[in-house]
Amino acid sequence: MERLTWQDYFMANADLISKRSTCDRAYVGAILVRDKRIIATGYNGGVSQTENCHEAGHQMDEGHCIRTVHAEMNALIQCAKEGLSTDGTELYVTHFPCINCTKALLQAGIKKITYKAAYRQHPFALELIAAKGVELVQHDVPKIQLGEE
């Protein structure tokens, strides 16, 4: 079996994390990485100890489900709660970040964003990423064979 690259490894982990999502509009997983180590993960779902979309339905506003906290925000919040700096980290995420997540990620000092699906790429998000000099990479997760060889 061929060894996964770091990029493949982290994107496969983001894909796996997305399986915990509770909003079926998009199953999104995110991973924050520093020095080839995962420091936080996040998936999209409701605010802790409140109902999730799969329990209460979607709370729609202007075409967006506002019940859900996005995966990227949950990863950033996990770092904030644990007192971990995000400055200089890399993000691996299954879907291109929305404009609000993009702004938060840039403010948090993320230096590289690797995403799988080019989902609703907002032109201003792309403009901000370029203006900040943040590396942006689209990367598909490889098919992984698990089990005995």
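Start by selecting Leu4, Trp6, Tyr9 and Ile38: together they form a nonpolar surface patch with about 340 Å² of accessible area. Patch members have over 30% relative accessible area and no salt bridge; nonpolar side chains (Val, Leu, Ile, Met, Phe, Trp, Tyr) are joined within 5 Å, like charges within 9 Å. Areas come from the Shrake-Rupley method with a 1.4 Å probe, and for residues only the protein chains shown count as cover.

This is a predicted model: local features need pLDDT of at least 70, side-chain atom pairs count only at pLDDT 80 or more, and totals for chains, interfaces and linings use all residues. Residues are numbered from 1 along each chain as its sequence is written, and side-chain values use heavy atoms, with hydrogens and water left out.

Stay on Ile38. It sits in strand β2, residues 37-43. Helices (H or I, at least four residues) and strands (E, at least two) are DSSP runs numbered from the N terminus. Ile38 is partly exposed, at 35% relative accessible area. Buried means under 20%, exposed over 50%, and partly exposed in between (1.4 Å probe, protein chains only).

**Helix α1**

Select residues 6-17. These twelve residues should span 16 Å at 1.5 Å a residue, and the end C-alpha atoms of α1 are 16 Å apart, which agrees. The expected span is 1.5 Å times one less than the number of residues. Now color the buried residues of α1: Asp8, Phe10, Met11, Ala12, Asn13, Ala14, Asp15 and Ile17. They pack against β1, β2, β7 and β8 (112-117); contact means heavy atoms within 4.5 Å.

Show the side chains of Asp15 and Lys116. They form a salt bridge, with the closest N and O atoms 3.4 Å apart. Asp15 is in α1 and Lys116 in β8, so the pair ties together parts that are 101 residues apart in sequence. The rule asks for a side-chain nitrogen of Lys or Arg within 4 Å of a carboxyl oxygen of Asp or Glu. By that rule the count is one salt bridge. Lys116 is partly exposed, at 25% relative accessibility.

**Helix α3**

Move to residues 71-82. Select its buried residues, Ala71, Glu72, Ala75, Leu76 and Cys79. Look down the axis of α3: these residues fall within an arc of 145°, so they line one face of the helix. The arc is taken over directions from the helix axis to the C-beta atoms. An α-helix has 3.6 residues a turn, so residues three or four places apart point the same way.

What covers that buried side? The cover includes β1 (29-34), β2, β6 (68-69), β7 (90-95) and α4 (99-107). Turned away from it are the exposed residues Ala80 and Lys81. Just past α3, Gly83 takes a positive phi of about 70°.

**Loops**

Most residues other than glycine have a negative phi. Asp35 has a positive phi, near 50°. Find it in the loop between β1 and β2; it is exposed, at 67% relative accessible area. Arg120 also has a positive phi, about 45°. It lies in the loop between β8 and α5 (123-132) and is partly exposed, at 47%.

Finish at Cys23, in the loop between α1 and β1. Cys23 is buried, at 3% relative accessible area. Leaving out residues up to four places away in sequence, it touches Asn44, Cys53, His58, Cys65 and Thr68.
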